[in-house]
Amino acid sequence: MPTKLTRRALVKSAAAGAAALSTGPWIIREAMGADKIKVASIIDVSGGLDIYGKPMYNSINLAVEAMNKAGGLLGREIQLINYDPQSNIQLYTQYATEAATKERVAVVQAGITSASREAIRPILRRFNTLYFYNTLYEGGVCDRNIFCTGTTPGQTVAKLIPYVMKKWGKKAYTVAADYNYGQITAKWFKKFVQDNGGEVLASEFFPLDVTDFGATLKKIQAAKPDFILSALVGGAHISFYRQWAAAGMNKTVPIASTTFGDGNEHIILSPEESNGIYAAYGYFQDIKSAANEAFLKDYFARWGASAAPMTELGIMQYTGFQLWAEAVKKAKTTDRMKVIEALETGLSYEGPAGKGTIDPATHHDITDVYIGVAENHKFNVVEKFPQQPPWDTAAVCNLKKNPNDNQQYVIDVKT
Amino acid sequence: MRGSRAWVDGLTVLIAIAVILLVPQLLELYSVINATIYVSMAVLALSLALVWGFGGILCFGQAAFFGLGGYTYAIAAINFGDSNLPVLFAVALPACFAALLGYFVFWGRLNDVYLGVITLTVALILFKFFNATAGDAYKIGKAALGGFNGIPATPPLNLPWDKSVQLAPEQIWYVAATLLLLLYYVSRCLLSTHFGQVVVSIRENERRAELLGYDTRRYKLLIFTVGGAMAGVSGVLFANCVFVSPTMFSLSYNAQIIIWVMIGGLGTLSGPILGSVLLQMLTAELGTLQWLDPNFVLGAILVVFVLLIPRGLQPLIAALGERTFSGLAALGFRRRKWIKP
Amino acid sequence: MDFGVIVVLQVLVAIAHLALISIGLAVIFGMMRVINLAHGEFLMLGGFTVVIAANHGVNLWVAMLIAAPIVVGLIGIVVERLVIRYLYGRMVDTMLATWGLSLLIVGAMTMTFGNTTRGVSAPLGSVAIGRYQSSIYELTLVLAAAALFAIAYLLFRFTRLGLIARATMQNAEMADSLGISTDFVYAVTFGIGAALSGLAGGLLAPLTGVLPTIGVAYVAKAFITVISGGAAVLAGTASASALLGTLDTVATFIATPVVGEMTLLIAAVVLLRLLPEGITGRFLRRAS
């Protein structure tokens with residue numbers, strides 16, 4: 001019957017059409033991507049970690065756009081491929097594999113939590129793709145394929161703790177996120193507190209989705225510390241500061257933190273809840289310097305006045321990209337080994353965060369460290385320590401002597 | 001009728017084998033790895049399809065066995081150095097756990113919602129437990145449990161007869177896809193045995209099966225254990241192509257498996273396999289869109305599905321297929337009439 | 001001595017917390033046997049209503065007690081008319097549809113509001129109890145939960161609406177044949193359940209902040225509490241919250257919050273094994 005014939009024909013041609021359509025874009029995509037330099041940025045801009053990811057996303061896109069406008073890198077256009085793992089580590093591994101094997105990018109600038117870094121570091125090493133990890137972390141990564149521009153406890157905690165102990169006293173209580181960053185940073189807290197003659201009364205760890213700190217607050221009160229050390233991470237942990245202030249504790253027991261502020265907590269919380277909290281980073285948006293002011297002007301012009309405020313993570317994602325670009329210019333190629341060698345000559349970049357230099361033995365960043373106190377949605381920078389070497393990683397890692405080293409060393413603190 | 005069924009089966013197996021062999025040749029490494037992930041999750045979907053679709057057991061915590069399989073494999077492989085024994089452990093442990101949980105639940109005569117809640121709670125307990133193991137103290141032998149980070153450096157599978165040769169991603173694809181095919185046919189066979197028939201009858205009406213003299217608790221326990229073992233296999237494959245972490249136990253994985261089975265078609269075996277692959281591909285595609293939130297689209301699709309296609313995809317496709325077949329047959333009949341003088 | 005008082009207060013707060021997040025789900029499940037997996041999102045919507053209203057100058061208490069329940073109640077009625085109404089009696093289908101709804105709502109909120117945590121400060125300041133300081137607002141939650149349950153009880157027991165609701169719950173067909181429009185009752189009940197969830201979410205917002213994804217943390221706990229409570233709406237939820245909340249808090253004080261949560265979950269499993277119909281399946285059967 002005629003109707004059945006036409007239906008069959010329709011289905012057949014539809015299937016053929018669909019097949020053709022699906023292969024078409026593939027072929028076209030392959031042809032166009034030939035001359036560009038591909039860079040991948042894998043950063044969470046949604047989910048609980050988005051408060052950290054947005055400034056990083058904004059800054060690297062700004063950097064690539066500016067560089068392309070100025071003529072590109074080695075005369076070629078840079079194609080930045082942005083991936084959003086949505087605070088889900090499984091997507092990190094998927095996107096890292098895609099960037100390395102399908103897109104074959106020249107460099108991957110990725111990772112926020114230490115968990116995500118450790119998930120993709122072996123993948124990128126296996127597929128010979130250069131990796132820049134730009135988030136502050138607990139130190140100790142020793143791997144020739146990775147460059148870490150974020151600050152480590154040997155740089156920040158080492159300066160923060162003596163400063164606050166002089167102000168506040170000798171007894172500390174630690175609250176930290178329950179994963180490798182929190183656990184290892186808590187150990188560093190203990191080490192530095194003990195080195196300065198104090199003691200850590202207790203360390204408590206909280207999984208990233210905990211929002212109810214009621215019982216913990218009472219326990220802290222029972223222990224009567226002089227101050228709190230916080231390595232809490234993520235959108236859920238902000239409730240700690242909120243509940244702390246609700247119980248009135250912010251007037252009696254001060255807090256120092258290595259993570260507060262990097263998620264723009266001081267802007268999300270009210271001034272009553274956040275004033276007086278101390279933090280140490282390689283960068284604060286409120287640093288007064290010509291380079292910083294010029295950068296911020298471009299940043300807010302591009303992303304709008306209500307864009308995510310700039311944090312150390314955002315600046316280091318920017319710096320990481322710039323350092324890589326400098327190395328490519330020096331090596332005159334995007335070939336991984338040549339770029340690594342160029343970086344290992346101790347390449348520097350002067351930017352909004354001051355001067356950042358690659359330390360060849362550890363592949364970490366020698367950078368300025370600042371201490372700031374939260375005040376009315378801003379940070380008041382009270383101290384600056386120039387050019388702090390990453391001595392915590394340097395104590396365990398020497399890639400010049402052992403270029404094939406591939407692990408993260410964990411510091412061992414004698415209790 | 002039987003003959004044509006065997007013919008279709010044989011053809012399907014041949015096509016499946018062809019696909020398995022061709023995928024690494026035609027697709028890039030990245031797509032092969034993705035395909036392996038989809039196939040591993042399809043095995044998980046198959047396990048719930050068996051337990052729920054045919055056993056009538058609404059297990060809201062199937063991911064518990066999935067996670068246990070993955071963790072057992074990772075811990076054992078790190079400690080033993082090779083993958084032969086770990087694979088066996090990784091199937092045995094979830095099966096034992098399923099047996100224990102099943103005993104706990106079925107001998108208590110728990111049903112539908114309450115069963116679902118208990119299984120979900122168990123999965124959540126495991127999630128919270130594994131999530132909190134970031135400290136150094138949490139080690140089993142040489143393997144640190146890693147807490148929230150999971151165990152990223154899991155040794156991959158190696159050849160059973162030569163422990164030094166580790167499988168490359170393409171070879172893991174072969175293993176995974178073949179396992180899926182095998183387990184599908186094993187499930188089909190299982191369901192056609194006396195045991196399988198009893199299980200289905202329990203799903204239909206448990207009281208009636210009891211009155212007919214069957215100890216329904218035993219049958220449910222057995223099918224639940226088989227499902228648990230299959231989920232364990234899926235965990236091993238997942239550990240090889242992604243990595244082991246506490247999210248394997250989370251609410252979202254548990255809900256996803258249920259969604260795959262429902263969209264694929266509750267009460268069928270091939271439906272959930274299809275449903276899981278399609279939905280995973282869809283979720284991955286959605287993740288790359290910048291302007292539309294993936295949750296929004298997925299949620300809308302689910303709601304529309306439930307309202308319009310409640311029985312799932314497989315019955316829909318089967319119905320369409322039958323209509324096409326009968327249409328073709330009618331056409332062929334007419335043709336034959338034509339050609340004959 | 002004052003530590004003892006603190007622990008008792010913390011236990012009460014935890015019970016109130018559980019009771020508040022579960023009551024909405026209990027009403028909907030108790031009335032219609034609908035497992036609303038979008039329950040966490042109703043809580044989240046209530047929280048967002050409060051935060052947005054407060055940030056625009058609305059008095060916090062008005063936002064929490066009036067705006068949040070009304071907004072979320074209306075959303076609930078819309079959801080019921082558009083989706084749930086077609087799925088009564090199909091428990092698994094409603095689970096799937098409400099899970100889809102929850103994803104949809106989370107997605108829509110993320111697209112509109114972005115994924116940053118926002119919040120309002122907790123009002124009322126703090127009070128000293130012996131050597132300890134406690135947030136007065138936390139303690140207010142206990143009073144709020146108690147008041148809510150009391151009002152709900154009075155409504156069920158002494159109003160015509162409550163009578164109709166209880167009748168429909170006990171035997172929908174009979175109620176129908178007596179002339180009660182069960183469709184209308186279901187729609188209103190779903191709306192009330194949603195409104196209760198919105199209220200709870202609003203009350204909790206100053207303590208936890210709001211994010212489009214916070215619903216997930218609540219739904220599992222609420223689900224477990226409601227099922228452990230059993231068929232009776234108020235008595236079940238109250239007793240399950242009391243038991244589980246106490247165990248959770250005591251365990252947290254002894255060890256860590258993670259141990260507390262695990263204790264809650266293990267207790268629920270044991271409870272369900274021993275009392276398969278929930279607490280009120282065995283005890284307090286005649287409670288509403």
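Here are some notes on the three chains, their contacts and a few elements worth a look.

1. Ground rules. This is a predicted model, in which local features need pLDDT of at least 70 and side-chain atom pairs count only at pLDDT 80 or more, while totals for chains, interfaces and linings use all residues. Residues are numbered from 1 along each chain as its sequence is written, and chains are lettered from A and ligands numbered from 1 in the order in which they are written.

2. Chain C against chain B. Here 33 residues of chain C are in contact with 32 residues of chain B (contact means C-beta atoms, placed from the backbone, within 7 Å). On the chain C side, the elements giving two or more residues are helix H4 (91-113), helix H9 (215-229) and helix H11 (257-274); helices are DSSP runs of H or I with at least four residues, strands are E runs of at least two, and both are numbered from the N terminus. H4(C) has the largest share, 15 residues. By class, this side of chain C holds 26 nonpolar, four polar and three charged residues. Nonpolar means Ala, Val, Leu, Ile, Met, Phe, Trp, Tyr, Cys and Pro, charged means Asp, Glu, Lys and Arg, and the others, Gly among them, are polar.

3. H4(C) itself. Why does the span of H4(C) agree with expectation? Its 23 residues at 1.5 Å a residue should span 33 Å, and the end C-alpha atoms are 32 Å apart (the expected span is 1.5 Å times one less than the number of residues). Of those 23 residues, 17 are buried; buried means 20 or more other C-beta atoms within 10 Å of the residue's own, again placed from the backbone.

4. Chain A against chain C. This contact takes 31 residues from chain A and 32 from chain C. On the chain A side, H2 (50-69), S8 (199-206), H7 (214-223), H8 (238-246) and H10 (271-274) each give two or more residues. H7(A) gives the most, with seven. The classes on this side of chain A come to eleven nonpolar, twelve polar and eight charged.

5. Strand S11 (278-281) of chain A. Both faces are covered: A:Tyr278 and A:Ala280 on one side, A:Ala279 and A:Tyr281 on the other, are all buried. Which strands does S11(A) pair with? S10(A) (255-257) runs parallel to S11(A) and is joined to it by two bridges, while S14(A) (364-375) pairs with S11(A) in the antiparallel sense over four; pairing needs at least two DSSP bridges. A:Tyr278 stands opposite A:Ala256 and also opposite A:Val373 in S14(A).

6. Chain B domains. Chain B splits into domain 1 (26-298) and domain 2 (311-341), with bounds from an automatic or database assignment. Their centres, taken over C-alpha atoms, are 37 Å apart. Ten residues of domain 1 are in contact with five of domain 2. On the domain 1 side, H10(B) (251-264) and H11(B) (270-288) each supply at least two residues, and H11(B) gives the most, four. That side has four nonpolar, six polar and no charged residues.

7. The core. The largest nonpolar core has 345 residues, of which A:Ala96, B:Val43, B:Ala45 and B:Leu46 touch the most other members. Such a core is a set of buried Ala, Val, Leu, Ile, Met, Phe, Trp, Tyr and Cys joined through C-beta atoms within 7 Å. Beyond four places in sequence, the contacts of B:Ala45 include B:Ile257, B:Trp260, B:Val261 and B:Pro272.

Key. Contact = placed C-beta atoms within 7 Å. Buried ≥ 20, exposed ≤ 12 C-beta atoms within 10 Å, placed from the backbone.
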